[in-house]
Amino acid sequence: MSWFEAIVLGLLQGLTEFLPVSSSAHLRVFSALFGWDDPGAAFTAVTQLGTELAVLIYFRRDIAAIIGAWSASLVRPERRKDPNARMGWFVIVGTLPIGILGLAFQDSIETSLRDLRITAAMLIVFGLILAVADRSRAVRHAKPITELTLPHALGYGFAQALALIPGVSRSGGTISAGLLLGYSREAAARYSFLLAIPAVVASGALELFKIGEGPAPAWGPTLLATGIAFVVGYAAIAWFLKYISNNSFAPFVVYRIVLGVVIAVLVTADVLAPAAGAIE
């Protein structure tokens, strides 16, 4: 991987990680369009550490309150009804599906599921799901995140696990689940960001050992892309949370569908090879 590729992919990772458009799909697709090698699951996971660092800093007060209340609730029963303590348990429970399924299907995630035909289909299908979810939220009272329940937290978790497939989108899947369960856009997005922290950090830490070995990119370009993803990702969080407070997800739905159709057409026309590799 060249330094220029690292800059472009780092920008893409930072811009798309928190938007419901699938960062892994963008890294995979744009690499193919430019004739670059597929950066691979290891590169994607490590650069996500940069965007998760942005989450840790942006939500530092929320995270500190959650960790403090959850830790206290382990030894002080009266603290177990604290919303922050309950949120700590919800994040743990919500992380279980992606942890279990990620380990069970690791080989497929790194190979066959990176097929561009699957990516195109997921972009379109989950774009339509996001549209339905956003519309359903508009016709009923939207619940705040303080009303989150354990079954709903687990539902969020299974939605996040679907993001193991490029094209689904971690934020898109979990936000759609939150909207369908009756939560506000802001509540769905906030919990989505918090829920991603354990899974992304664990995945990135495991994949760190693969960087620089075999087909994985070298350390230098990977670290550069990760740093860029952090800076751009922090700005993207601030913008996205402000945007959804007064706007619908319609532009993201249209973008997903258009991108999915374009990818499908290019693959059908043999302009893009569906399997990991360079442009034909």
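A residue is called buried when its relative accessible area is under 20%, exposed when that area is over 50%, and partly exposed in between, with a 1.4 Å probe and protein chains only. Helices are DSSP runs of H or I with at least four residues, strands are runs of E with at least two, and both are numbered from the N terminus. The model is a predicted one, in which local features need pLDDT of at least 70 and side-chain atom pairs count only at pLDDT 80 or more, while totals for chains, interfaces and linings use all residues. Residues are numbered from 1 along each chain as its sequence is written, and side-chain values use heavy atoms, with hydrogens and water left out.

With these terms in place, helix α2, residues 23–33, can be described as mostly covered, since nine of its 11 residues are buried. The buried residues are S23, S24, A25, H26, L27, R28, V29, S31 and A32, and after the helix comes G35, which has a positive phi near 80 degrees.

Helix pairs are described by axes, which are lines fitted to C-alpha atoms, for helices over the stretch in contact, with angles running from 0 to 180 degrees between N-to-C directions. Angles under 35 degrees count as roughly parallel, over 145 as roughly antiparallel, 65 to 115 as roughly perpendicular and the rest as oblique. The axes of α1 (residues 3–16) and α11 (residues 219–244) come within 7 Å and cross at roughly 30 degrees, which makes α1 roughly parallel to α11. Contact here means heavy atoms within 4.5 Å, and on the α1 side W3, A6, I7, G10, L11, Q13, G14 and L15 meet G220, P221, L224, A225, I228, A229, V232, G233 and A236 of α11. The residues of this contact divide into 12 nonpolar, five polar and no charged, where Ala, Val, Leu, Ile, Met, Phe, Trp, Tyr, Cys and Pro count as nonpolar, Asp, Glu, Lys and Arg as charged, and the others, Gly among them, as polar.

In the second pair, the axes of α9 (residues 170–180) and α10 (residues 185–207) come within 8 Å and cross at roughly 135 degrees, so that α9 is oblique to α10. The contact involves R170, S171, T174, I175, G178 and L179 of α9, together with R185, A188, A189, S192, L195, A196, A199 and V200 of α10. By class, the contact of α9 with α10 has eight nonpolar, four polar and two charged residues.

Helix α10 also holds E207, which counts as buried because its relative accessible area is 8%. Leaving out residues up to four places away in sequence, E207 touches A42, A45, V46, Q106 and E110. R114, found in the loop between α6 (106–110) and α7 (116–138), is likewise buried, at 4% relative accessibility.

A nonpolar core is a set of buried Ala, Val, Leu, Ile, Met, Phe, Trp, Tyr and Cys residues joined through side-chain atoms within 4.5 Å. The largest such core has 36 residues, of which F59, L148, Y191, F193, I237, F240 and F249 touch the most other members, and its largest share, eight residues, comes from α10. Another core, of 10 residues, lies apart from it, with A25, L116, I263 and L272 among them.
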